[in-house]
Amino acid sequence: MPALVTLALFFFLPVLAAFLMSLTDFDIYCLADVRRARFVLFGQYIRLLQDPLFWRATLNTAYFVLVGGPLTILLALMASLILNSERLRGARFFRLAVFLPVITNMVAVAVTWRYLYHPHFGLFNFFLRKVGIGPVDWLGDPRFAMPAIILLAIWKNFGYHTLIFLAGLQTIPEDLYSAARLDGASWLQQHLHVTLPLLSRTLGFVTVITGIGYLQLFAEPYVMTQGGPLNATLSLVLYLYQQGFRWWRMGYSASVAFVLFAFMLAIGSASFLRRRRESA
């Protein structure tokens, strides 16, 4: 009972309040007198559909999820296979090294990576000059800003997914690999026909949490680019933050939050239906 009360007070009630706010034109003047707020029903949602900046933020977020998500999962899967190998010496050290970016403070990471991306003194441009390529303005050019954010996000997050894959790999009996080797299966064939099928549930779980997590892209563009240049890195959550806490359009901001929730619900529902169909 206490848990239900806590859940109702700190989760369901705020969510309900936010939904009601999304049906109003709540702004900074309503903070002084809530009676100033007017119910506009779904007017804020209709306004969203006509807002080009909202669509830009949606496309940027989709770009981040569809490119950054698969790359993060692929890198994490490869890293977990290497770290799970019995031939690797110092596996504990490498596991710690892979996980360290996950627990590193985002602001410290952003300051470091801003230096790495510096057009004149950055490490990336240093290596580009070594191979005869001119300097790139990673965070100032709209063509490269989002790929730069994606690279940072992959480095920051793939260690978490690697640990989940490692846990999944350690549940696969070694006997299956021994039997596959006796049948003459190569390293690649062992992983294609043994590892991937038995890791499918873990892979599905990682895909869902990556999709939902990457839909909430905020800290990286907020610290690195503030959504620029030319809104090239403006994400849905950053747009929500700007509308709610920079321009104090709280009702409009709440409507963005519920659209984002609908996207997350769609990803979660798709995964649930796929798993249900597989187990049927």
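Buried means under 20% relative accessible area, exposed over 50%, and partly exposed in between, with a 1.4 Å probe and protein chains only. By that scale Leu41, at 56% relative accessibility, is exposed. This is a predicted model: local features need pLDDT of at least 70, side-chain atom pairs count only at pLDDT 80 or more, and totals for chains, interfaces and linings use all residues. Residues are numbered from 1 along each chain as its sequence is written, and side-chain values use heavy atoms, with hydrogens and water left out.

**Backbone features**

- Leu41 sits in the loop between helix 2 and helix 3. Helices here are DSSP runs (H or I, at least four residues), numbered from the N terminus.
- Phi of Leu41 is near 55 degrees, a positive value in a residue other than glycine.
- Trp248 also is not a glycine, and has a positive phi of about 60 degrees. It lies in the loop between helix 13 and helix 14. Trp248 is partly exposed, at 32% relative accessibility.
- Gly228 and Pro229 are joined by a cis peptide bond, with omega about -10 degrees. Pro229 belongs to the loop between helix 12 (219-224) and helix 13.

**Helix packing**

- Helix 1 (residues 2-22) packs against helix 14 (residues 250-279) at an angle of about 115 degrees, and their axes are 7 Å apart. Axes are lines fitted to C-alpha atoms, for helices over the stretch in contact; angles run from 0 to 180 degrees between N-to-C directions.
- Helix 1 brings Val15, Ala18, Phe19, Met21 and Ser22 to the contact, and helix 14 brings Met250, Gly251, Ala254, Ser255 and Phe258. Contact means heavy atoms within 4.5 Å.
- Seven of these contact residues are nonpolar, three are polar and none is charged. Ala, Val, Leu, Ile, Met, Phe, Trp, Tyr, Cys and Pro count as nonpolar, Asp, Glu, Lys and Arg as charged, and the others, Gly among them, as polar.

**Nonpolar cores**

- The largest nonpolar core has 40 residues; Phe64, Trp113, Tyr117, Met224 and Tyr239 touch the most other members. Such a core is a set of buried Ala, Val, Leu, Ile, Met, Phe, Trp, Tyr and Cys residues joined through side-chain atoms within 4.5 Å.
- Elements giving two or more residues to this core include helix 4 (52-83), helix 8 (142-169) and helix 11 (200-215). Helix 8 gives the most, with seven residues.
- Phe64 contacts Gly69, Met146, Ile149, Ile150, Ala153, Tyr214 and Leu217, leaving aside neighbours within four places in sequence.
- Another core, of 13 residues, lies apart from it; Ala76, Leu77, Ile164 and Tyr177 are among its members.

**Ile73**

- Ile73 lies in helix 4 and is buried, at 12% relative accessibility.
- Beyond residues up to four places away in sequence, Ile73 touches Phe165, Leu203, Val206, Thr207 and Thr210.
- The C-alpha atoms of Ile73 and Met250 are separated by 35 Å, with the two 177 residues apart along the chain.

**Salt bridges**

- The count is four salt bridges, each a side-chain nitrogen of Lys or Arg within 4 Å of a carboxyl oxygen of Asp or Glu.
- Asp25 and Arg38 form one of them, at 2.8 Å from N to O. Asp25 lies in the loop between helix 1 and helix 2 (28-32), Arg38 in the loop between helix 2 and helix 3. Arg38 is exposed, at 56%.
- Asp141 pairs with Arg143, the closest N and O atoms being 2.8 Å apart. Asp141 is buried at 16%, whereas Arg143 is exposed at 61%.
- Glu174 and Arg181 meet at 3.2 Å, N to O. Glu174 is partly exposed at 40%, and Arg181 is partly exposed at 43%.
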